[in-house]
Amino acid sequence: MEEEEEAATTRGSLLLKQKLDNNDQWSSSDHGGMQLSESLSTTTPIVVLSTLAAVCGSFTFGSAVGYSSPSESGIEDDLGLTSAEYSIFGSILTIGAMLGAVFSGKIADFIGRKGAMGVSETFCILGWLAIVFAKDAWWLDLGRFLVGCGIGILSYVVPVYIAEITPKNVRGSFTSLSQLMIGCGKALTFLIGSLVNWRTLALIGIIPCLAHLLGLFFIPESPRWLVSPVQCILDFFFKLAFTWCINQEGSKFCLFFFFLAKCGRLEEFEVRLQFLRGENADISQEAADIIEYTENFRWISEDGVLHLFQGKYAYSIIVAVGLMAFQEFGGLNGFAFYTSSIFESAGFSSKIGTILAAVVQILMTTLGVLLIDKCGRRPLLMISATGACLGCVLTGFSFFLQDLQRGKELIPILVLIGVLVYLGSFELGMGGIPWIIMSEIFPINIKGLAGSLVTLVSWTGSWVVSYTFNYLFEWSSAVICGVGILFIGKIVPETKGRTLEEIQASFTHIQQ
């Protein structure tokens, strides 16, 4: 069995590697090459609409993360919570997200990308309602936990869905919109939270959830999911069940299994892909590449987490897990969670500093969206990690001077510059690009399981950093960012301008 899996993977990898090497020949040919170029370079209104609908989930993510800061004093006063109880309320979001991350890949594999987004928003809505009507800490924590479960799923499925539906020439920019909307969600929630009470703010948090659910009715399912190995296997069993129901006169389950048996159908895959690329686009080459690559993995089994650590998948796992670890342990959430206290410790206005930090983060994330498909992933990651390292050093040096009681008049300015350089640099690349690469590099047969693992690493790192940042502070983050620069320079490949099938084949081919 192992030899068959290896042979299937090798055939697919070598075939697409040969196509990748002959890419210039495709683009210069009079027929197939031009058709592929047209299919993959067309950005249609439905692709834009589908992306905007999907990133409503990212806005939900940002709203949830940004909720606890402006609501703290109101919740403590109204419900009589202690600081320790409120700390539990704030941190339990991460615990829920870790649980959601564990199941995110499987949910997205079995009920589809749209289905997974719908499930996640249902969790979020129930969570927000529990917070709105909470009378004590127990209901608050339950609501926060449910919202965490929802955003744990969203953090995986939104970038994967966008990466699977967009043409290769805009995939990076469109997927980066997810990170931009997270930042907008955090900033807007913080702003609105200063104007309304915490119950009203929780009620407002339901609005992007409803917008996302409504949008799901108007966007197509990911074509790649429709021909994924999981769907092909389910399709086989559902058709058997449908046939059995037909033979059982009057069976109530015939219609149910008929609709389930539609999953994985080639006809629906082609219809959805044509819908995304435009009525007049020639999708024949792109469709053939997707189907051909997927066929090689159709009957390759997933034997659990240990299956991910086979040699043929090791490179992609190392890249994705490594990037996510450097993203989290580089201190992003520590700086984000403790921005106010950092400014206060340095003698700078926390209110002004927080506003400036939010503006810089949104501007730099927007810049990253504009540059990613022009400059590529690797250059932005290198610049981002270098700038973050510099920001950590500046901030750490400022507090070192404070301990020595030197340069008291310079310390607030140095801290402001250090924090803004760090946050701005991080949002340029390290904040969003690891999620983009995660959505690009895994073969379809392990995407769900590997995506769950990577998402779990991210949320676990977020939890660890949020609890240890006061002790580790800036110097350790600077060291981690420095090691991250070496990791990116030596290990992480460029994925700009290549189809998902080409990227995944090259990763498997490198390992072999």
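Visitor: How much of the protein chain is made up of buried residues?

Guide: Let's start there. In this predicted model, buried residues account for 54% of the 512 residues in the protein chain.

Visitor: How do I read a nonpolar core, and which residues have the most contacts inside the largest one?

Guide: Think of buried nonpolar residues linked to one another through their side chains. The largest such core here has 103 residues, and Tyr67, Trp128, Ile151, Tyr422 and Phe442 have the most contacts inside it. Helix H5 supplies the largest share of this core, with 14 residues. There is also a second, separate core of eight residues, with Leu226, Leu273, Ile283 and Ala287 among them.

Visitor: Let's pick one residue. What does Tyr422 touch?

Guide: Leaving aside residues up to four places away in sequence, Tyr422 touches Gly330, Gly331, Leu332, Phe335, Gly387, Ala388, Gly391, Cys392 and Cys481.

Visitor: Now pairs of helices. At what angle do H19 and H20 cross?

Guide: For a pair, read the distance between the axes and then the angle. Helix H19 (residues 377-404) and helix H20 (residues 411-428) have axes that come within 7 Å and cross at roughly 160°. Angles over 145 degrees count as roughly antiparallel, so H19 is roughly antiparallel to H20. The crossing of H19 past H20 is left-handed. In their contact you will find 16 nonpolar residues, eight polar and no charged.

Visitor: How far apart are the axes of H5 and H6?

Guide: The axes of helix H5 (residues 83-132) and helix H6 (residues 137-165) are 5 Å apart, and the two helices pack at an angle of about 35°. Their contact includes charged residues: five of them, alongside 33 nonpolar and eleven polar.

Visitor: Which residues of H6 meet H21?

Guide: From H6, Ser155, Tyr156, Pro159, Val160 and Ala163 meet Trp435, Met438 and Ser439 of H21. Helix H21 covers residues 433-441, and its axis comes within 9 Å of the H6 axis, crossing at roughly 65°. This time the crossing, H6 past H21, is right-handed. The contact residues divide into six nonpolar, two polar and no charged.

Terms used:
Residues numbered from 1 in each chain as written. Predicted model: local features only at pLDDT ≥ 70, side-chain atom pairs only at ≥ 80, totals over all residues. Heavy atoms only, no water. Axes fitted to C-alpha atoms, helices over the stretch in contact; angles between N-to-C directions. Helix = DSSP H or I, 4+ residues; strand = E, 2+ residues; numbered from the N terminus. Parallel < 35°, antiparallel > 145°, perpendicular 65-115°, else oblique. Left-handed = near helix turned anticlockwise from the far one by under 90°. Nonpolar A, V, L, I, M, F, W, Y, C, P; charged D, E, K, R; others polar. Core = buried A, V, L, I, M, F, W, Y, C linked by side-chain atoms within 4.5 Å. Buried < 20%, exposed > 50% of the residue type's maximum accessible area, 1.4 Å probe, protein only. Contact = heavy atoms within 4.5 Å.
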